[in-house]
Amino acid sequence: MRRYSEAVKADVRRRMSPPHRQSVAQISVELGIHVMTLYKWRKAWRLQGEVVPSSEREPEGWSAADKFTVVLESAGLNATELSAYCRERGLFPEQVSRWRQAAPTSAIGRACRRHLMLTPSRC
C-alpha cells in the first residue's frame, strides 16, 4: 500500500472541501490516487467533524450532517467571523441562518441528535 504525505492529504482535503468541491473521480484522475483511498480519507475527515460534502452539489443539496457541521462550527461566530467563514466555504450567511433556524425540526436536527446524542432542546 502506498503512503501519502500529509501535504498531499491536505491538498486533497482542500480540493474536496468548499468552495472547490471537486469530485472524488476528478481528484483521482488528476492526482493518480485510487478512488477507494480518497473515499477512506473523506470518511475519516467527516468523522472528525470537517465539512467535506459527499458530492459536488450546491450547499442547499448537502446532507443534513454536512449542514449540521456548518451550523455547529459557526455557532459562536460574530457577523464578521461568520462572513469570513462563509467566504472560505462558498456559502452565504443567510444559508447558515436558515439551516440554524431549521435545525430543531428538520433533518439537520435529526442529524444533530443522532451524531451527538443531544436532546432537541440542546440542538
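Which helix does R15 lie in? R15 lies in helix α1, which covers residues 6-16.

## The model and its confidence

This is a predicted model: local features need pLDDT of at least 70, side-chain atom pairs count only at pLDDT 80 or more, and totals for chains, interfaces and linings use all residues. Residues are numbered from 1 along each chain as its sequence is written, and side-chain values use heavy atoms, with hydrogens and water left out.

The score pLDDT is the predictor's confidence in each residue, from 0 to 100. The protein averages 80. At least 70 is reached by 78% of the residues. Among the elements, α2 has the highest mean pLDDT, 92. Helix α7 (residues 107-116) has the lowest, 58. Over residues 118-123, pLDDT stays under 50. Where pLDDT is low, the predicted coordinates should not be read in detail.

## Overall build

The secondary structure comes to 7 helices and 0 strands. Helices (H or I, at least four residues) and strands (E, at least two) are DSSP runs, numbered from the N terminus. Along the sequence, the pattern reads α-α-α-α-α-α-α.

Of the 123 residues, 36% count as buried. Buried means under 20% relative accessible area, exposed means over 50%, and partly exposed lies in between (1.4 Å probe, protein chains only). A contact means heavy atoms within 4.5 Å. Take the contacts between residues at least 6 apart in sequence: 49% of these join residues at least 24 apart.

Is R15 buried or exposed? R15 counts as buried, because its relative accessibility is 15%. Leaving out residues up to four places away in sequence, R15 touches H20, R21, Q22, I27, E30 and L31.

One of these, E30, also forms a salt bridge with R15. The closest N and O atoms are 2.4 Å apart. A salt bridge is a side-chain nitrogen of Lys or Arg within 4 Å of a carboxyl oxygen of Asp or Glu. E30 lies in helix α2 (residues 24-31) and R15 in helix α1, so the pair ties together parts that are 15 residues apart in sequence. With a relative accessible area of 43%, E30 is partly exposed.

D11 and R14 form a salt bridge too, with 2.7 Å between the closest N and O atoms. Both residues lie in helix α1. They are 3 residues apart, about one turn of the helix. D11 counts as partly exposed at 22% relative accessibility, and R14 counts as partly exposed at 42%. What links D11, R14, R15 and E30? A network of salt bridges links these residues.

## Another salt bridge

The structure holds 5 salt bridges. One of them joins the side chains of R89 and E73, at 3.9 Å from N to O. This pair links distant parts of the chain. R89 is in helix α5 (residues 79-89) and E73 is in helix α4, 16 residues apart. E73 is partly exposed, with a relative accessible area of 33%.

## Where α4 meets α6

Helix α4 covers residues 64-73, and helix α6 covers residues 93-102. Their axes come within 9 Å and cross at roughly 100°. Axes are lines fitted to C-alpha atoms, for helices over the stretch in contact, and angles run from 0 to 180 degrees between N-to-C directions. The two helices are therefore roughly perpendicular to each other. Angles of 65 to 115 degrees count as roughly perpendicular, under 35 as roughly parallel, over 145 as roughly antiparallel, and the rest as oblique.

K67, V70 and V71 of α4 make the contact with V96, W99 and R100 of α6. These residues divide into 4 nonpolar, no polar and 2 charged. Ala, Val, Leu, Ile, Met, Phe, Trp, Tyr, Cys and Pro count as nonpolar, Asp, Glu, Lys and Arg as charged, and the others, Gly among them, as polar.

## Two buried residues

V71 sits in helix α4. At 9% relative accessibility, V71 counts as buried. Not counting residues up to four places away in sequence, V71 touches V96, W99 and R100. V71 and Q95 are 24 residues apart in sequence, yet 9.8 Å apart in space, C-alpha to C-alpha.

C86 lies in helix α5. C86 counts as buried, at 1% relative accessibility. Beyond four places in sequence, C86 touches L91, F92, P93 and V96. From C86 to V70 is 16 residues in sequence and 9.2 Å in space, C-alpha to C-alpha.
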